[in-house]
Amino acid sequence: MSDHGPARLVVLASGRGSNMTAIARAVEAGHLGARIAAVVSDRPDAGALAAAAKRGLDTVTVDRRRFRRREAFEASLTAAIDGFEPTWIVLAGFMRVLGRSLVEHHRGRMVNIHPSLLPRHRGLDTHRRVLDAGEPDHGASVHFVTPTLDAGPVISQVRLDVQPGDTADTLAERLLPLEHRLYPATLALLLNHRVELIDETIQLDNTPLDQPLVLDRDLSADGRLLDGGHAG
Ligand code: GRF
């Protein structure tokens, strides 16, 4: 990790990259006091790579299909990431489960956004599973990455109500713009050193955080803590 200059984000993305773009916009607007050192993908055709290149960001592909063994892929991915001396590793739609050694190596410095109100619905197909379970609400979570998939401590969430007639597609469509507000807001807290992972516990301003911060209740989209919520 580099100790000099603005914090360096390495963003990992496998898909279209709309969260990566939201983060890049916040960086460009000067809201995060950080720069994106690189966007790394496991898929050469990821929209995120094209979107990043268009913004003049460095991109790297570590193509999973070129490796027979997962260990070799992960070693190459780790080398690519570490080459950029990241302060933070930001998973934004990265569709590979990362191995324990890579995750441990970056413990407390790697975050992910997941489209559910964790701990509900870890894993894939979250919008469909919310509807199948007849749940009244849905949302997204930003969490620290630990070796168990989608199980790391949750920093922040955004919620939305399920409406009559919602489908997996309409839920995904309504959730995505909220993710684009939640992720930069949460990164702002991390980059300002207001939120940290100490052992297994999230600390907010050096006090254990007992529940995730909720966007627009506890946390504003520009990363300020709001009065009234338990963040008070
Ligand atoms: C988002 O729904 C995110 O929550 C999930 O993967 C999707 C990525 O979308 N982890 P995008 O590539 O950022 O547009």
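Reader: Which backbone atom is 2.9 Å from a nitrogen atom of the ligand?
Author: This is a predicted model. In it, a polar backbone atom of Ile113 lies 2.9 Å from a nitrogen atom of the ligand. The protein covers 87% of the 360 Å² of accessible area that the ligand has on its own.

Reader: And what lies 2.5 Å from an oxygen atom of the ligand?
Author: That is an N or O atom in the side chain of Ser18. For Asn19, a backbone N or O atom is 2.8 Å from an oxygen atom of the ligand.

Reader: Which other residues are around the ligand?
Author: Besides Ser18, Asn19 and Ile113, the residues around the ligand are Gly15, Arg16, Gly17, Gly93, Pro115 and Glu179. The space that the ligand takes is the largest pocket.

Reader: Turning to helix α6, where does it bend?
Author: The bend, of about 25°, is at Leu176, and Pro177 follows within four residues. Helix α6 covers residues 168-191 and reaches 33 Å from its first C-alpha to its last, close to the 34 Å expected. Just after α6, His193 has a positive phi of about 60°.

Reader: Where is Glu85 found?
Author: Glu85 is in the loop between α3 and β4. Although Glu85 is not a glycine, its phi is positive, at about 50°.

Note on methods
Residues are numbered from 1 along each chain as its sequence is written. This is a predicted model: local features need pLDDT of at least 70, side-chain atom pairs count only at pLDDT 80 or more; totals for chains, interfaces and linings use all residues. Side-chain values use heavy atoms; hydrogens and water are left out. Helices (H or I, at least four residues) and strands (E, at least two) are DSSP runs, numbered from the N terminus. The expected span of a helix is 1.5 Å times one less than its number of residues. The bend at a residue is the angle between axes fitted to the seven residues ending there and the seven starting there. A residue is near a molecule or strand if one of its heavy atoms lies within 4 Å of it. A polar contact is a pair of N or O atoms within 3.5 Å; within protein, one must be able to donate a hydrogen and the other to accept it, and residues adjacent in sequence count only if both atoms are side-chain atoms. Accessible areas come from the Shrake-Rupley method with a 1.4 Å probe; for residues, only the protein chains shown count as cover. On a 1 Å grid over the protein atoms alone, a cavity is a set of points where a 1.4 Å probe fits but cannot get out, and a pocket is an open set with protein on both sides within 12 Å along at least five of seven lines; lining residues have an atom within 4 Å of a point. A molecule sits in a cavity or pocket if more than half of its atoms lie within 2 Å of its grid points.
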